[in-house]
Amino acid sequence: MMVLDEYPGGLTVDEVCEVAEYPRYSLQPRFTALKDRRVIRDTGLRRPNVSGRNAIVWRACHHDRREGQA
């Protein structure tokens, strides 16, 4: 997930869609697959999405490994 690579603090699905200029329906299923493969993780943070509901802020797991090495 190249967009999440650029945002170590994480992004919601809607934020990724905005940055990547993709419709939400095309990316949402990908997040589930990436989570299942442990490529991304739930940061525990929530931010409002376009509908006003709180959305998960996702982060690329390799950022965790990099911070652990520092």
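Buried means under 20% relative accessible area, exposed over 50%, and partly exposed in between, with a 1.4 Å probe and protein chains only. By that rule L11 is buried, with a relative accessible area of 7%. The model is predicted: local features need pLDDT of at least 70, side-chain atom pairs count only at pLDDT 80 or more, and totals for chains, interfaces and linings use all residues. Residues are numbered from 1 along each chain as its sequence is written, and side-chain values use heavy atoms, with hydrogens and water left out. Helices (H or I, at least four residues) and strands (E, at least two) are DSSP runs, numbered from the N terminus.

- L11 lies in the loop between α1 and α2.
- Contact means heavy atoms within 4.5 Å. Leaving aside neighbours within four places in sequence, L11 is in contact with V3, L4, V16, R47, I56, V57 and W58.
- L11 and I56 are 45 residues apart in sequence, yet their C-alpha atoms are 8.0 Å apart in space.
- T12 is in the loop between α1 and α2. T12 counts as buried, at 1% relative accessibility.
- Not counting residues up to four places away in sequence, T12 touches R47, A55, I56 and V57.

**Helix α2 and its buried face**

- Helix α2 spans residues 13–20, and its buried residues are V13, D14, V16 and C17.
- Seen down the axis of α2, these buried residues fall within an arc of 160 degrees, so they line one face of the helix. The arc is that of the directions from the helix axis to the C-beta atoms.
- An α-helix has 3.6 residues a turn, so residues three or four places apart point the same way.
- The cover over the buried residues of α2 includes α1 (2–5), α3 (24–36) and β2 (54–60).

**Packing of α2 on α3**

- The axes of α2 and α3 come within 10 Å and cross at roughly 125 degrees. That makes α2 oblique to α3.
- Axes are lines fitted to C-alpha atoms, for helices over the stretch in contact, and angles run from 0 to 180 degrees between N-to-C directions.
- Angles under 35 degrees count as roughly parallel, over 145 as roughly antiparallel, 65 to 115 as roughly perpendicular, and the rest as oblique.
- The α2 and α3 crossing is right-handed. A crossing has that hand if the near helix is turned clockwise from the far one by less than a right angle, and is left-handed if anticlockwise.
- From α2, V13, D14, V16 and C17 meet R24, L27, Q28 and F31 of α3. The residues of this contact divide into 5 nonpolar, 1 polar and 2 charged.
- Ala, Val, Leu, Ile, Met, Phe, Trp, Tyr, Cys and Pro count as nonpolar, Asp, Glu, Lys and Arg as charged, and the others, Gly among them, as polar.

- L34 sits in helix α3. At 2% relative accessibility, L34 counts as buried.
- L34 and V13 are 21 residues apart in sequence and 12 Å apart in space, C-alpha to C-alpha.

- Most residues other than glycine have a negative phi.
- E21 belongs to the loop between α2 and α3.
- E21 is exposed, with a relative accessible area of 70%. From E21 to L4 is 14 Å in space, C-alpha to C-alpha, and 17 residues in sequence.
- R38 has a positive phi near 60 degrees and is a residue other than glycine.
- R38 is found in the loop between α3 and β1 (40–48). R38 counts as exposed, at 68% relative accessibility.
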